[in-house]
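I opened this notebook to keep track of what I looked up, entry by entry.

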Amino acid sequence: MRWITDIERGRQLCLHCRKLHTLDVHVCDRCGSPVHQRIPHSIPLTWSLALAAIVFLIPANLLPMMVVQSIAGEDAGTIMDGVIYFLEHGEAGIGIVIFLASIFIPFFKLTVLFYLLLIVHFKWYARAKLGLKLFRIIHFIGKWSMLDIFVVALMVGIVQFKHLATIVTGPAAIAFMMAVLITMFATETFDPRLMFDTLIKLQEEKHSHPQGSSHD
């Protein structure tokens, strides 16, 4: 199926209210949001932010996230140590939530972001539809990204409330918060339409040169 794009029509879409504009419009007259045919500098910005998120995510997982003070003494542990702690003390629900929110989801979002960037870079247009589905998933998850941080704060309150122990946050908390926030910005700066722009250009080349070499 061949579809007409905004580039071919000389139009640009407001990503906030979905109104179409001509190319001479810079601010949407319906919602007031900035209007661009494609997000400016989308790829280099997303690469930079995704790599920065990795840099913060490493200490976030290696440095102590929590310091547990109990009658047995004081023990500092990483995020995974916290997960194991709650599993061993019969709080499997809290341990699973922490694992999902603090380990699985951040790494999943960054893995998908790098995959989307590679689709654009290497022109893997056959994977553009899959990339769009993955982008929608991490964009939806992004609305709940602050849950990662709130989970730690909630965990501190729960444990202190139950008088099981006292938990204070460790140095990894700041690194983890930075990784979460930067990943959110990286998701917002990526323009998924770029994956399909490559496909459209290749279709145009194939239509113009039907005897040319085929692509993946």
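Before anything else I noted how elements are named: helices (H or I, at least four residues) and strands (E, at least two) are DSSP runs, numbered from the N terminus. With that in hand I looked at F104 and F108, which are four residues apart in helix α4 and therefore separated by about one helical turn.

I also wrote down that this is a predicted model, in which local features need pLDDT of at least 70 and side-chain atom pairs count only at pLDDT 80 or more, while totals for chains, interfaces and linings use all residues. Residues are numbered from 1 along each chain as its sequence is written, and side-chain values use heavy atoms, with hydrogens and water left out.

Entry on aromatic rings. I searched for ring pairs (Phe, Tyr and Trp, the last by its six-membered ring, with centres within 6.5 Å; planes under 30 degrees apart are stacked, over 60 edge-to-face, the rest tilted), and the structure holds five of them. W47 lies in helix α2 (residues 42–62) and F114 in helix α4, so the pair ties together parts that are 67 residues apart in sequence. For burial I used relative accessible area (buried under 20%, exposed over 50%, partly exposed in between, with a 1.4 Å probe and protein chains only). By that scale W47 is partly exposed at 26%, whereas F114 is buried at 19%.

Returning to F104 and F108, I found their ring centres 5.9 Å apart and their planes at 10°, so the pair is stacked. F104 is partly exposed at 44%, and F108 is partly exposed at 27%. I also recorded that Y115, F122 and W124 form one aromatic cluster. Over the ring of W124 sits the charged end of R127, 4.6 Å from the ring centre (the rule asks for NZ of Lys or CZ of Arg within 6 Å of the centre and within 35 degrees of the ring normal).

Entry on the surface. Which residues form a nonpolar patch on the surface? I listed M80, I84, L87, I96, F99, L100 and F104, with about 590 Å² of accessible area together. The elements giving two or more residues to this patch are α3 (79–88) and α4 (92–121), and α4 gives the most, with four residues. M80, found in helix α3, is partly exposed at 35%. Patch members have over 30% relative accessible area and no salt bridge, with like charges joined within 9 Å and nonpolar side chains (Val, Leu, Ile, Met, Phe, Trp, Tyr) within 5 Å; the areas come from the Shrake-Rupley method with a 1.4 Å probe, only the protein chains shown counting as cover for residues.

Entry on charges. Searching for salt bridges (a side-chain nitrogen of Lys or Arg within 4 Å of a carboxyl oxygen of Asp or Glu), I found five in the whole structure. D6 and R38 meet in one at 2.8 Å, N to O. D6 lies in helix α1 (residues 6–9) and R38 in the loop between β2 (20–22) and α2, so the pair ties together parts that are 32 residues apart in sequence. Both D6 and R38 are buried. D191 forms a salt bridge with R193, their closest N and O atoms being 2.9 Å apart, and D191 is buried at 1%. Through shared partners, salt bridges join D6, R38, D191, R193 and D197 into one network.
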